[in-house]
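I opened this notebook page to record what I looked up in one protein model. The entries follow the order in which I checked things.

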Amino acid sequence: MVSAGLEILGLGLCVIGSLLVMVVCGLPMWKVTAFIEANIVVAQTIWDGLWMSCVVQSTGQMQCKVHDSVLALGHDLQAARALTVISCVFGVLGLMVVIAGAQCTNCINDENVKARVVNAGGVIYIISGLFVLVPLCWMANNIISDFYNPQVPASTKREIGAALYIGWAATALLLIGGALLCCSCPSNGNSGYSAKYAPTKRATPNGTVDYDKRNYV
């Protein structure tokens, strides 16, 4: 019962984390305009994402443009694209593996094999979390470095967007859920010792049953 509860809890956290990773992958708010110096009052706000850049006017209108060339992007954006997509794929793969080995399904009959499959699914989810954690930290480091770099113009400086915070929350859910799935092992039906019973009766050559007197006190 405890193992089933860990599986359900771990799978729920991992599914929520995978959905958040997919949301982060599509959100354009990885970098946002930094309101510093003379940019306190501006007519527009710029959002930079993995796939597009958006300009939000003070009137509420928003215009987005997809990045024209992949090669023209920075190395951090290119790596973030690849690693985030791989993390999403690993999330779907982990879901299928965990469902196949879950105790509430009949895809696998052997309980020991089921436990190993669920553990493998937990490892896949942990790898998925690490894949999305790398571009998040890389992007945050570049944003902070450019923000405090005096040689970077104030108009081009950016701040950490909401997508990064959501991504870090998704990473935490994936790591915690994957760890719970790795720890969910059903108790073996075999105990630590095996009881052996000596026969209490034996047949004699003449066909009668002779009870062994050593089994009685």
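**Entry 1. Asp 48 and its partner**

I listed the contacts of Asp 48, leaving out residues up to four places away in sequence, and found Pro 28, Met 29, Trp 30, Lys 31, Ser 53 and Arg 158. I note here that the model is a predicted one. Asp 48 sits in strand β2.

Is Asp 48 buried or exposed? Its relative accessible area is 19%. The cut-off for buried is under 20%, so Asp 48 counts as buried.

I then took up Arg 158 from the contact list. Asp 48 and Arg 158 form a salt bridge, with 3.3 Å between the closest N and O atoms. The pair links distant parts of the chain, since Arg 158 belongs to strand β5 (residues 158-160) and Asp 48 to strand β2 (residues 44-48), 110 residues apart. I also looked up the C-alpha atoms of Asp 48 and Arg 158, and they are separated by 9.0 Å. Arg 158 has a relative accessible area of 15% and is buried.

**Entry 2. The other salt bridges**

I searched the whole structure for salt bridges and got three. As a reminder to myself, side chains of opposite charge can pair when their charged atoms come close.

Another of the bridges joins the side chains of Lys 31 and Asp 76, at 3.9 Å from N to O. Lys 31 is in strand β1 (residues 31-33) and Asp 76 is in helix α2, so this pair ties together parts that lie 45 residues apart in sequence. I checked burial for both, and Lys 31 and Asp 76 are each buried.

I also found a bridge between Asp 68 and Lys 65, whose closest N and O atoms are 3.5 Å apart. Are these two residues buried or exposed? Asp 68 is exposed, with a relative accessible area of 67%. Lys 65 is exposed as well, at 53%. I placed Asp 68 in the loop between β4 (62-66) and α2. From Asp 68 I also checked the distance to Trp 51, which is 17 residues away along the chain, and the C-alpha atoms are separated by 9.2 Å.

**Entry 3. The nonpolar core**

Which residues of the largest nonpolar core touch the most other members? The core has 24 residues, and I wrote down Val 21, Trp 30, Leu 50, Tyr 125, Met 139, Leu 164 and Leu 181. Helices α1 (2-26), α2 (75-101), α3 and α4 (162-183) each supply at least two residues of this core. Helix α3 gives the most, with seven residues.

I followed up Met 139. Apart from neighbours within four places in sequence, Met 139 is in contact with Trp 30, Lys 31, Leu 50, Asp 76, Leu 77, Ala 80 and Leu 164. That list includes Lys 31 and Asp 76, the two residues of the 3.9 Å salt bridge in the previous entry.

**Entry 4. Helix α3**

I compared the length of helix α3 with what its residue count predicts. Helix α3 covers residues 111-147, and at 1.5 Å a residue its 37 residues should span 54 Å. The C-alpha atoms at its ends are 54 Å apart, which agrees.

I also looked at the start of α3. There a side-chain oxygen of Asp 110 comes to within 3.2 Å of the backbone nitrogen of Asn 112.

**Entry 5. Gly 101**

I located Gly 101 in helix α2. Its relative accessible area is 0%, so Gly 101 is buried. What does Gly 101 touch, leaving aside neighbours within four places in sequence? I found Ile 108, Lys 114, Val 117 and Val 118. For Gly 101 and Val 117, which are 16 residues apart in sequence, the C-alpha atoms are 5.2 Å apart.

**Entry 6. Whole-chain figures**

I counted four helices and seven strands. From the N terminus on, the elements run α-β-β-β-β-α-α-β-α-β-β. Of the 217 residues, 35% are buried.

Among contacts with a separation of 6 or more, 65% are between residues 24 or more positions apart. I also looked up the accessible surface, which comes to about 13,100 Å², with 65% of it belonging to carbon and sulfur atoms.

Technical notes: Residues are numbered from 1 along each chain as its sequence is written. This is a predicted model: local features need pLDDT of at least 70, side-chain atom pairs count only at pLDDT 80 or more; totals for chains, interfaces and linings use all residues. Side-chain values use heavy atoms; hydrogens and water are left out. The expected span of a helix is 1.5 Å times one less than its number of residues. A polar contact is a pair of N or O atoms within 3.5 Å; within protein, one must be able to donate a hydrogen and the other to accept it, and residues adjacent in sequence count only if both atoms are side-chain atoms. A nonpolar core is a set of buried Ala, Val, Leu, Ile, Met, Phe, Trp, Tyr and Cys residues joined through side-chain atoms within 4.5 Å. Buried means under 20% relative accessible area, exposed over 50%, partly exposed in between (1.4 Å probe, protein chains only). Contact means heavy atoms within 4.5 Å. Accessible areas come from the Shrake-Rupley method with a 1.4 Å probe; for residues, only the protein chains shown count as cover. A salt bridge is a side-chain nitrogen of Lys or Arg within 4 Å of a carboxyl oxygen of Asp or Glu.
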